Amino acid sequence: IILDGVNIGNGAIVAANAVVNKDVSPYSIVGGVPAKEIKKRFSQQTIDCLTESKWWDLPREFFNTTRIKKIFSEEFNDQIISEFKTFVNDFKNKKK
């Protein structure tokens, strides 16, 4: 149950049967009654990168590229985050 007026951040996971009475941070996992943060899905650096990129606003063709499929298949680390930032910026600049 998500109470009225509560915001769920991008990429957050809400456990089954949780009662969410407070805003949920992006890319966090919450559960319980009332819901509490269990953990973050990624490091803060990765969360910041994903949030700043606004990848959810990119067109479908972005996700059909071999390069992004490779990036998303890897575990996020500093190198993958750097590749992701570069690819998002290159893709956005190409679209201008």
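**Group meeting talk: a walk through a predicted model**

Let's start at a strand. Val 14 sits in strand β1, which covers residues 13-14. Keep in mind that this is a predicted model. At 30% relative accessibility, Val 14 counts as partly exposed. Val 14 also belongs to a nonpolar patch on the surface, together with Ile 2 and Ile 8. The three residues have about 210 Å² of accessible area together.

Ala 15 counts as partly exposed, at 32% relative accessibility. What does Ala 15 contact, leaving aside its neighbours within four places in sequence? Val 30 and Gly 31. Now take Ala 15 and Lys 70. In sequence they are 55 residues apart. In space they are 28 Å apart, C-alpha to C-alpha.

Now the overall layout. How many helices and strands does the protein have? Four helices and three strands. Read from the N terminus, the order is β-β-β-α-α-α-α. So much for the order; on to dimensions. Along the principal axes, the C-alpha atoms fill a box of roughly 45 × 25 × 20 Å. The radius of gyration is 16 Å. A compact globule of 96 residues would have one near 12 Å.

A few totals. Of the 96 residues, 27% count as buried. The accessible surface comes to about 6500 Å². Carbon and sulfur atoms hold 49% of that surface. Then contacts. Take those with a separation of 6 or more: 25% of them are between residues 24 or more positions apart.

Let's move to helix α1, residues 44-53. Which residues of α1 are buried? They are Thr 46, Ile 47, Cys 49, Leu 50 and Ser 53. Look down the axis of α1, and the buried residues fall within an arc of 160 degrees, so they line one face of the helix. There is a general point behind this. An α-helix has 3.6 residues a turn, so residues three or four places apart point the same way.

Why does Thr 46 count as buried? Because its relative accessibility is 3%, and the cut-off for buried is under 20%. Thr 46 touches Phe 76 and Ile 81, not counting residues up to four places away in sequence. Just after α1 comes Lys 54, which takes a positive phi of about 50 degrees.

Last topic: charges. Side chains of opposite charge can pair when their charged atoms come close. In this model the count comes to two salt bridges.

One joins Lys 40 and Glu 37. Their closest N and O atoms are 3.5 Å apart. Lys 40 is partly exposed, with a relative accessible area of 30%. Glu 37 is partly exposed too, at 43%.

The other joins Arg 67 and Asp 90. Here the closest N and O atoms are 3.8 Å apart. Arg 67 lies in helix α3, residues 66-73, and Asp 90 in helix α4, residues 78-95, so the pair ties together parts that are 23 residues apart in sequence. Arg 67 counts as partly exposed, at 36% relative accessibility. For Asp 90 the value is 39%, so Asp 90 counts as partly exposed as well.

That's the tour. Thank you.

Key. Residues are numbered from 1 along each chain as its sequence is written. This is a predicted model: local features need pLDDT of at least 70, side-chain atom pairs count only at pLDDT 80 or more; totals for chains, interfaces and linings use all residues. Side-chain values use heavy atoms; hydrogens and water are left out. Patches are made of residues with over 30% relative accessible area and no salt bridge: like charges are joined within 9 Å, nonpolar side chains (Val, Leu, Ile, Met, Phe, Trp, Tyr) within 5 Å. Accessible areas come from the Shrake-Rupley method with a 1.4 Å probe; for residues, only the protein chains shown count as cover. A salt bridge is a side-chain nitrogen of Lys or Arg within 4 Å of a carboxyl oxygen of Asp or Glu. Helices (H or I, at least four residues) and strands (E, at least two) are DSSP runs, numbered from the N terminus. Buried means under 20% relative accessible area, exposed over 50%, partly exposed in between (1.4 Å probe, protein chains only). The arc is that of the directions from the helix axis to the C-beta atoms. The radius of gyration is taken over C-alpha atoms; the globule rule is 2.2 Å times the number of residues to the power 0.38. Contact means heavy atoms within 4.5 Å.
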